[in-house]
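Try each one yourself before you read the solution.

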Amino acid sequence: QVQLVESGGGLVQAGGSLRLSCAASGRTFSSYAMGWFRQAPGKEREFVAAIPWRGIRTYYADSVEGRFTISRDDAKNTVYLQMNSLKPEDTAVYYCARRYSGSYYLSDSYDYWGQGTQVTVSS
């Protein structure tokens, strides 16, 4: 059984930084791509970033390209999202998820999800 637990969210001023962590259970963690999604009130869940199982390439939404960095530490079964130059529009609940197949950009490609961590960016 796979469990994902996000942490690191909080309140930060615009221009600041946060680092989100997602701790995963399971010995097969390194065999799966991982992704981050976010959902703001009244909006649909949207793709943020993803990293394949080999960790060579990374994928980002246009809105976060150049500001966010996804990485993983397979020895710790943990995926990270470093968020810099945060903007108020980044405010959302951030979820990590494990991809099983399909497009990195689509939520239906992911089979396990964490509970989410709140990120609030003030102006």
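C22 and C96 are both buried. Keep that in mind for the opening task, and remember that this is a predicted model.

**Exercise A: the disulfide**

Task: Work out how C22 and C96 are linked, and which handedness their disulfide has.

Solution: 
- Start with the sulfur atoms: those of C22 and C96 sit 1.9 Å apart. The cut-off for a disulfide is 2.5 Å, so the pair qualifies.
- Count up by that rule and you get one disulfide.
- Now look along the S-S bond. Its torsion is about 50 degrees, so the disulfide of C22 and C96 is right-handed.

**Exercise B: an arginine**

Task: Is R72 buried or exposed, and which backbone oxygens does its side chain reach?

Solution: 
- Find R72 in strand β7.
- Check accessibility: R72 comes out at 15% relative accessibility, and because buried means under 20%, R72 counts as buried.
- Follow the side chain. From R72 it gets to the backbone oxygen of Y32 at 2.9 Å, and to that of I51 at 3.5 Å.

**Exercise C: a loop alanine**

Task: Where does A75 lie, and is it buried or exposed?

Solution: 
- Locate A75 in the loop that runs between β7 (68–73) and β8 (78–83).
- Its relative accessibility is 79%, so A75 is exposed.

Technical notes. Residues are numbered from 1 along each chain as its sequence is written. This is a predicted model: local features need pLDDT of at least 70, side-chain atom pairs count only at pLDDT 80 or more; totals for chains, interfaces and linings use all residues. Side-chain values use heavy atoms; hydrogens and water are left out. Helices (H or I, at least four residues) and strands (E, at least two) are DSSP runs, numbered from the N terminus. Buried means under 20% relative accessible area, exposed over 50%, partly exposed in between (1.4 Å probe, protein chains only). A polar contact is a pair of N or O atoms within 3.5 Å; within protein, one must be able to donate a hydrogen and the other to accept it, and residues adjacent in sequence count only if both atoms are side-chain atoms.
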